[in-house]
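Subject: Handover of a structure

Dear colleague,

I am passing a structure on to you, together with an account of what was found in it. Please have it open while you read.

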Amino acid sequence: PKPYLNLANAYVDAGEVAEAERQYLKALKLKPFDGAALSSLGALYVRERKTQEGLDLMLMALRFDPDDSLTFRNIGRTYNLMGDYDKAIRYLKEAKKLNPARLELYYDLGIAYLNDKDYDFALREFKTATDIDSTFAWGYYGQGLVYYRQGKSAQAQDYFDKAIILDTNF
């Protein structure tokens with residue numbers, strides 16, 4: 001099913017959602033228990049506001065590919081979107097354990113902690129990301145969000161400025 005997955009991903013990138021869905025379904029017809037296809041289709045459904053349907057597919061994907069950090073990440077982000085921060089944190093921690101070099105996981109975990117109002121843990125995740133890579137703009141942006149939520153506007157502005165300096169498209 002790999003060619004169908006690649007084609008579907010290209011359609012996602014092009015914004016052609018219906019065609020992407022058709023290609024993911026073709027991949028699943030060939031291999032019904034393909035973790036990557038289930039996870040990708042689930043992520044597409046979440047993006048298209050079919051949140052529970054997408055979450056169910058991603059959870060199913062983990063049964064067939066239990067070490068896929070991307071699926072754990074997408075599930076965590078979905079729970080975060082749904083407001084279930086405990087589950088979001090649990091899945092994002094597992095994603096980070098599986099792929100500790102991926103900076104986006106620190107950011108996503110920081111956002112989940114921030115939404116749960118656990119500012120110390122959120123700040124720790126964002127800071128760890130920028131300690132690993134001092135050019136990771138999203139890490140500074142996350143630190144700015146923490147300080148902003150804490151009412152520390154001057155500190156927040158410093159970190160937002162750092163993010164913008166590193167990534168002018170911010």
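The structure is a predicted model, in which local features need pLDDT of at least 70 and side-chain atom pairs count only at pLDDT 80 or more, while totals for chains, interfaces and linings use all residues. Residues are numbered from 1 along each chain as its sequence is written, and side-chain values use heavy atoms, with hydrogens and water left out.

Overall fold

The protein chain has ten helices and zero strands. Helices (H or I, at least four residues) and strands (E, at least two) are DSSP runs, numbered from the N terminus. The C-alpha atoms fill a box of roughly 55 × 30 × 25 Å along the principal axes. Of the 170 residues in the chain, 44% are buried; buried means under 20% relative accessible area, exposed over 50%, and partly exposed in between, with a 1.4 Å probe and protein chains only. Among contacts with a separation of 6 or more, 40% join residues 24 or more positions apart, where contact means heavy atoms within 4.5 Å.

Nonpolar cores

In soluble globular proteins, nonpolar side chains tend to be buried together. A nonpolar core is here a set of buried Ala, Val, Leu, Ile, Met, Phe, Trp, Tyr and Cys residues joined through side-chain atoms within 4.5 Å. The largest such core has 36 residues, and I75, L114 and V146 have the most contacts inside it. Helix 4, helix 5, helix 6, helix 7, helix 8 (119-132), helix 9 (137-149) and helix 10 (153-166) each supply at least two residues of this core. Helix 7 gives the most, with nine residues. Leaving aside neighbours within four places in sequence, L114 is in contact with Y119, A122, L145, V146 and R149.

A second, separate core has 14 residues, including A27, L41, L44 and Y45. L44 is found in helix 3 and counts as buried at 4% relative accessibility. Beyond its neighbours within four places in sequence, L44 is in contact with V12, V17, A20, E21 and Y24.

The largest pocket

Rolling a probe the size of a water molecule over the atoms shows where empty space is left. A pocket is found on a 1 Å grid over the protein atoms alone, as an open set of points where a 1.4 Å probe fits, with protein on both sides within 12 Å along at least five of seven lines; lining residues have an atom within 4 Å of a point. The largest pocket holds about 720 Å³ of space, a volume being the space filled by probe spheres set on the points, which are joined across faces, edges and corners. Of its 31 lining residues, A43, L70, R73, N74 and R77 are the closest to the centre. Helix 5 gives the most to the lining, with eight residues. By class, the lining has 15 nonpolar, eight polar and eight charged residues. Ala, Val, Leu, Ile, Met, Phe, Trp, Tyr, Cys and Pro count as nonpolar, Asp, Glu, Lys and Arg as charged, and the others, Gly among them, as polar.

Aromatic rings

Rings of Phe, Tyr and Trp (its six-membered ring) pair if their centres lie within 6.5 Å; planes under 30 degrees apart count as stacked, over 60 as edge-to-face and the rest as tilted. The count comes to ten aromatic pairs. The rings of F33 and F64 have centres 4.9 Å apart and planes at 40 degrees, so this pair is tilted. F33 lies in the loop between helix 2 (17-30) and helix 3 (35-47) and F64 in helix 4 (residues 51-64), so the pair ties together parts that are 31 residues apart in sequence. F33 is exposed, with a relative accessible area of 53%, and F64 is partly exposed at 35%.

F72 and Y91 also form a tilted pair, 5.9 Å centre to centre with 35 degrees between the planes. Both F72 and Y91 are buried. Ring pairs also link Y107, F126, W138, Y141 and F160 into a cluster.

A further buried residue

E125, in helix 8, is buried at 2% relative accessibility.

Yours sincerely
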